[in-house]
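I opened a new page for this one and went looking through the side chains. My notes are below, in the order I looked things up.

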Amino acid sequence: MTHHQEIQLPTTLAEVLDVLKSNPDPDKKRQQSKLSAISRISKYMNRPPSDIPTNIPQLRKLLASLHPAACGVKPNTLSTTKSDLASALRAVGVLQDVESKSELTPEWGTFLKAVRSTHQVWGLMRFARFCSARSIPPADVDHNVVQAFQTALDAVLLKNEPAKHIQSMIDTWNRVIGKHVLDLPRLDRLPSDRYLARSLTEYPESLQTEIVAYIDRLAQRDLFSDDGPDKPLRETSLRNTEAHLRQLLDALVTSGQRPVEFTNLSVLVTAHNLKTAFRTIMDRLGTDGLPSGLSNVAATCIAIARHHLNAPEDTIKALKDIHKRVATSPRGMSPKNAERLAQFNDWENVALLLGLPDTLMARADDNPTRRDSALAAMHAAALAILLSCPMRIKNLADLDLDKHLIPARSGTHTYYSIRIEGIEVKNGEPIEVKLNARSSKLVHRYIMQFRSQVSQANGRALFPRSSDGKSRAPSNFGSELTQRVYRETGLKVHPHLFRHIAAKLYLKERPGDFETVRRLLKHKRLQTTMDFYASLSNQWAHDHYDEVVLSKFRGTSDD
């Protein structure tokens, strides 16, 4: 090989193995750790080493998907394996982080001495070395330098997400500048990946006033008004209505129209505007297929045209035609929920989830005076209720000790029933269920031992906020439970998925019994249940076919 030829670096972990074996580390223990790390990662990913790329951004994404519980190891074991894999990649030249060891320039040395705080110095050190290697002094740091730093990190960070590291660095930089009153530029936070529509305040006041009045009407804020829906919309629906109008307006302004043109809803809600806005949104996203949110925006426009503007029928028909074109199959389960439900094709995952309430309560009992133990007990009780009675997160978060929970003694045990009036439930169907002995025991343990540690404020909420004792906000409580389940099990489960999980587990044992599922989930119509869960019977059909037909031919051989 001449000095003009470039060394070809390994592109898969299989090639890394070959290089390591042909050029072994003199330290046998280090050599074995590198080889073992590749073997373990291959096992955890259920892929051969030849199918695992060494491209750092791709590999980082794959490694981030691994969870200790799913891999069957302790967190420290998985972390050590990832570190050993990084060592293997460095040994073969794939992972080169030369600049992280660069000498600091005098300017950066002086800057870091002024910082004093050890954790802040460590938070800025990699950035300081990056800038030192390029002779960029602290005074010249700007957005372009930060972008270049992020690009460099993307090629060398294996275990941590570059964007998180960058954001932490920016926050530390700005705190240091503020605290020490340094004459250095402040850095902007990284932009969110989420597109934010313009605020309504950018449009004429007449339009803002009309939108507020329309939303007040939907909310029935005037109890004695004869104008409005039969049933007030929930806060989530009201926020969505405003968001849909903001999206529509924002897309029209992006297309070239001026905000001042939209003086009222009759000017805004037209078939022409809807088409223009939807084309703009699809062009911005640049993805194949239809964005799911378009049908919701169209539905809001139809409701405004019909119930607020009293638009002629031909106008409403034109809006409906657009709605049909952008509708993405509203019936049944969303692809995202179907993907998450597929986690429970593995019985080990089912066992992890079903056993989680007991696991959390046992941990809380190990150290009952700590606040994190109280939170673990609260989450244990909430998950036990969701498993016994899969309700919507708002009903779960709003559970009240006096209003919804009915205790009953049986010998030395306390059993609980839950009763929620139909007016409090989204579809108007009341919820009434008696918890089993196991769930009742968990709930009782939480109420008697841990609830008062979650919040010392007076209140009757089963799951109180620490600040005032009132019910926890549904969205926040739902996020807590989602994060808790993932942290403990590696499973991606939001509270609403418990309804789908219940249906899946029941239909696996009783294929086709949709009526029981309908009653369990409190659907008004059987067709709703079948639209969601008929596909779950497909697996039963395949299993039955395998048992009845294919199993008869197993074990045959041509020799």
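These entries cover ground rules, charges, cores, rings and one glutamine.

**Ground rules.** I'm working with a predicted model, where local features need pLDDT of at least 70, side-chain atom pairs count only at pLDDT 80 or more, and totals for chains, interfaces and linings use all residues. Residues are numbered from 1 along each chain as its sequence is written, and side-chain values use heavy atoms, with hydrogens and water left out.

**Salt bridges.** I started with charges, taking a salt bridge as a side-chain nitrogen of Lys or Arg within 4 Å of a carboxyl oxygen of Asp or Glu. How many salt bridges does the structure hold? I found 23.

I then looked at Arg-30. Its side chain meets that of Asp-25 in a salt bridge at 3.0 Å, N to O, and that of Asp-27 in another at 3.7 Å. Lys-34 joins in too: Asp-25, Asp-27, Arg-30 and Lys-34 are linked in a network of salt bridges.

Next I checked burial (buried means under 20% relative accessible area, exposed over 50%, partly exposed in between, with a 1.4 Å probe and protein chains only). Asp-25 counts as buried because its relative accessibility is 14%. Arg-30 is partly exposed at 46%, and Asp-27 is partly exposed at 29%.

Further along, I noted Arg-472 with Glu-480, a salt bridge whose closest N and O atoms are 3.1 Å apart. Arg-472 has a relative accessible area of 11%, so I put it down as buried.

**Cores.** A nonpolar core here is a set of buried Ala, Val, Leu, Ile, Met, Phe, Trp, Tyr and Cys residues joined through side-chain atoms within 4.5 Å. Which members of the largest nonpolar core touch the most other members? They are Ile-385, Leu-396, Tyr-446 and Phe-463, out of 56 residues. Helix α18 (residues 371-388) gives the most to this core, with 10 residues. Helices (H or I, at least four residues) and strands (E, at least two) are DSSP runs, numbered from the N terminus.

I followed Phe-463 through its contacts (heavy atoms within 4.5 Å). Leaving aside neighbours within four places in sequence, its partners include Ile-385, Leu-396, Tyr-446 and Arg-472. Apart from this core lies another, of 36 residues, among them Tyr-214, Leu-238, Cys-301 and Leu-319.

**Rings.** Rings of Phe, Tyr and Trp (its six-membered ring) pair if their centres lie within 6.5 Å; planes under 30 degrees apart count as stacked, over 60 as edge-to-face and the rest as tilted. My search of the whole structure gave 10 aromatic pairs. Phe-130 and Phe-149 have ring centres 5.1 Å apart and planes at 50°, so I logged the pair as tilted. Phe-130 lies in helix α7 (residues 118-133) and Phe-149 in helix α8 (residues 143-154), so the pair ties together parts 19 residues apart in sequence. Phe-130 is buried at 3%, and Phe-149 is buried at 1%. Both belong to a cluster linked by ring pairs, along with Trp-108, Phe-111, Phe-127 and Trp-173.

**A glutamine to finish.** Back in helix α7, I looked up Gln-120. Is Gln-120 buried or exposed? Its relative accessibility is 8%, so Gln-120 counts as buried. Beyond neighbours within four places in sequence, Gln-120 is in contact with Val-115, Thr-172, Arg-175 and Val-176.
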